[in-house]
Amino acid sequence: MGCGKRMIKTALCFLAAVSMVFPGGNSLSAKAKPLSGQDGNGNTWVYDRETKTLTFSGTTDLEEFELDGHSPEPGWWCWNDEAEHLVIENGITGLPGEEFSDFYKLKTVELPDTVTYIGNCVFDGCVEIETIKMSENITFIGDLAFSDCYSWKNVWIPEKVTSIGEWAFCRCMSIKEIKIPDTVTKIGAFAFDGCANLKYVQLPKRIEIIEEGIFRDCKNLSKVEMPDSVKKLKTGIFSGAGITRIEIPKNVTSFYKGKDRYTNNGIFQDCKKLKVITIKSKNLNHIYKGAFSGLNKNTVIKVPKSCLKKYKKLFRKAGLDKKIKVKAISGKKKFSPMRFPEKKYKADHLGPPCTYTAFTSIILIISPASA
């Protein structure tokens, strides 16, 4: 779903809010709202006013619809301003798109293991969702599937998911960490854009392209683990993110501009806390012009020693500010004097391995006997 459609949805939400403040619009009164019905695919739905629960049952996908201001809304959507609980019963096979978009009072969702995919915008704008019991058999998560689910904290991506769409989790403000299963081979652009409290992300081991703007404006993001499978980085991935250090894996060959949609140009644009970029790859052969725009002037870029001269030239050509230092990765290991005695001297009867102090004490005890 593009930005134009998103703007239409925003306008519709505004009109809905206005109709609540100024009654007399064309919305159904509470008494006129249907309590049950069928979707276009023959699945049935029931709404319980007392528990504020919407329940679906059937043996196929739910009906897809578009909240575009023109297409008719399905019968159950009239409860978007009241329903707090959603139960999809065993037998429903998929959620094609927008079925529960802007159910802004929805708090809990239960999905059975018969559901195998979540399409575009299914829970987009469900700002109060706190809990989602996810199907273990989901293989695909569509564009904007959970966009603006501000209150959802414990996000679990099932182990069978292979693809995550664009803006899929954007502005999920309460997410703090997320592990993406290794079955995932594609993550769409801006997937976690605006997840302001996201601190830690573990990317899947088979991902090859980090799409544009994935972690844009993740202001508290401190750690991202990128696997060695990554070969290409695109525009604005960390724009406005809170990272202090980042390691570029050994198989990355290019910094690629991509479509450069709705984002600043640089990969690390406005990363004000960024101190060190360590590039482990010796095979970088393409960096788009502007890849380093907006980079913190105090950032140091570290590269393999054998590539130092080549990469300096490549980086400057791409527009790297001359004030930003490019250094060789140091191969020296730090010496820790406290660890050496611990490894070499062990005395089981004393408990843990002897520290330097314990070793000195033994010398003092046996010294008089040897005099």
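Predicted model: local features only at pLDDT ≥ 70, side-chain atom pairs only at ≥ 80, totals over all residues.

Reply: Residues are numbered from 1 along each chain as its sequence is written, and side-chain values use heavy atoms, with hydrogens and water left out.

Contact means heavy atoms within 4.5 Å. Helices (H or I, at least four residues) and strands (E, at least two) are DSSP runs, numbered from the N terminus.

Start with the helix. H2 covers residues 308-317, and its buried residues are Tyr311, Leu314 and Phe315. Seen down the H2 axis, they fall within an arc of 95 degrees, so they line one face of the helix. The arc is taken over the directions from the helix axis to the C-beta atoms. Buried means under 20% relative accessible area, exposed means over 50%, and partly exposed lies in between (1.4 Å probe, protein chains only). The other side of H2 carries exposed lysines: Lys309, Lys313 and Lys317. An α-helix has 3.6 residues a turn, so residues three or four places apart point the same way. Just after H2, Gly319 has a positive phi of about 105 degrees.

Now S19. Val276 and Thr278 point one way from this strand, Ile277 and Ile279 point the other way, and all are buried. In a regular strand the side chains alternate between the two faces of the sheet. S19 pairs with strand S17 (residues 245-248) in the parallel sense, over four bridges. Two strands pair if DSSP finds at least two bridges between them. Ile246 has Ile277 of S19 as its bridge partner. S19 also pairs with S21, again in the parallel sense, over three bridges.

S20 belongs to an open sheet of four strands. The order is S14-S16-S18-S20, with parallel pairing. Strand S14 (209-210) and S20 stand at the edges, each with a single partner strand, so one side of each is left without a neighbour in the sheet. At the S14 end, two bridges join S14 to strand S16 (residues 232-234) in parallel. Ile209 has Lys232 of S16 as its bridge partner.

Gly266 lies in the loop between strand S18 (254-256) and S19. Gly266 counts as buried, at 0% relative accessibility. Leaving out residues up to four places away in sequence, Gly266 touches Gly236, Ser239, Tyr288, Gly290, Ala291 and Ser293. The C-alpha atoms of Gly266 and Thr235 are separated by 6.1 Å, although the two residues are 31 residues apart along the chain.

Elsewhere, there is another sheet. It is open, has six strands in the order S1-S2-S3-S4-S6-S8, and mixed pairing. Strand S1 (36-38) and strand S8 (131-133) stand at its edges, each with a single partner strand, so one side of each is left without a neighbour in the sheet. Three bridges join strand S6 (residues 108-110) to S8, and the two run parallel. Thr108 has Thr131 of S8 as its bridge partner.

Last, the whole chain and the model's confidence. The secondary structure comes to four helices and 22 strands. Of the 371 residues, 44% count as buried. Among contacts with a separation of 6 or more, residues 24 or more positions apart account for 45%. The average pLDDT is 84, and 80% of the residues score at least 70. pLDDT is the predictor's confidence in each residue, from 0 to 100. Over residues 1-26 it is below 50, and this stretch has 29 contacts in the model beyond near neighbours in sequence. Over residues 335-371 the pLDDT stays under 50, with 13 contacts beyond four places in sequence.
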